[in-house]
Amino acid sequence: MLVIKNTSLVSLDHSLNSAMSTSHTSSVTNVMMIISFFASTIFVGLFSGAILLYFYRKKQKKEICSYLKTVFLGVLIGFIIKNIIQRARPENMLETDYSFPSLHATASILLYGWLSFYLWKQGRQRKAIALLLVPLLISLSRIYLGVHWFSDVVAGLFFGGAWLLMIRYWNNLRTLNNSLFL
């Protein structure tokens with residue numbers, strides 16, 4: 001509530017929204033809509049199903065549990081926060097539900113952040129680092145499309161990033177504790 005009631009931040013939100021709305025072109029808008037799709041409910045749901053099926057077939061229960069705790073639980077908590085705060089979106093014709101925090105930003109940092117950690121463990125550091133650019137592009141697309149305020153996106157990235165790191169820390173701590181007692 002402090003974030004959305006802060007007059008300086010609200011002023012910044014409105015300034016950035018106004019600046020973005022004056023620079024729209026149809027080709028950039030189309031690209032931004034495609035980028036935004038990669039954190040949509042449909043995409044995250046289908047992609048998550050594929051990821052979970054992959055780990056199920058590889059009999060990697062630990063990865064399945066980690067993914068569910070990170071992505072699904074994180075998005076669910078973000079959804080609950082969004083419906084408690086009930087901040088209005090900028091005026092747009094694309095979306096009508098609440099704005100704060102951006103679930104696209106939250107879901108993208110959770111999904112692509114989790115995948116980045118996984119790829120890093122597999123020795124694919126370049127791909128892991130490159131994958132972290134996706135949430136930033138998705139967040140920018142949400143502001144450009146006028147469906148979120150800047151502070152919505154920053155809050156979504158912050159919450160998602162904090163949740164991701166907390167679950168990673170908790171999983172690593174459990175692994176360490178289990179190895180100490182073997």
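Visitor: In which helix is Ile-34 found?

Guide: Helices are DSSP runs of H or I with at least four residues, numbered from the N terminus. Ile-34 belongs to helix 3, residues 26-37. This is a predicted model, in which local features need pLDDT of at least 70, side-chain atom pairs count only at pLDDT 80 or more, and totals for chains, interfaces and linings use all residues. Residues are numbered from 1 along each chain as its sequence is written, and side-chain values use heavy atoms, with hydrogens and water left out.

Visitor: Is Ile-34 buried or exposed?

Guide: Buried means under 20% relative accessible area, exposed over 50%, and partly exposed in between, with a 1.4 Å probe and protein chains only. Ile-34 has a relative accessible area of 51% and is therefore exposed.

Visitor: How does one check the length of helix 5?

Guide: The expected span is 1.5 Å times one less than the number of residues. Helix 5 (residues 61-85) has 25 residues and should span 36 Å; the C-alpha atoms at its ends are 35 Å apart, which agrees.

Visitor: Where is the kink in helix 5 centred?

Guide: The bend at a residue is the angle between axes fitted to the seven residues ending there and the seven starting there. In helix 5 the kink is about 25 degrees and is centred on Leu-68. Just after this helix, Gln-86 takes a positive phi of about 55 degrees.

Visitor: How is a pair of aromatic rings described?

Guide: One gives the distance of the centres and the angle of the planes. Rings of Phe, Tyr and Trp (its six-membered ring) pair if their centres lie within 6.5 Å; planes under 30 degrees apart count as stacked, over 60 as edge-to-face and the rest as tilted. There are 11 aromatic pairs in the structure. One of them joins Tyr-54 and Phe-55 edge-to-face, at 5.1 Å centre to centre and 75 degrees between the planes. Tyr-54 is partly exposed at 42% relative accessible area, whereas Phe-55 is buried at 2%. The rings of Trp-114 and Tyr-118 have centres 5.8 Å apart and planes at 0 degrees, so this pair is stacked.

Visitor: Where do Trp-114 and Tyr-118 lie?

Guide: Both are in helix 6, 4 residues apart, about one turn of the helix. Trp-114 and Tyr-118 are both buried.

Conventions. Helices (H or I, at least four residues) and strands (E, at least two) are DSSP runs, numbered from the N terminus.
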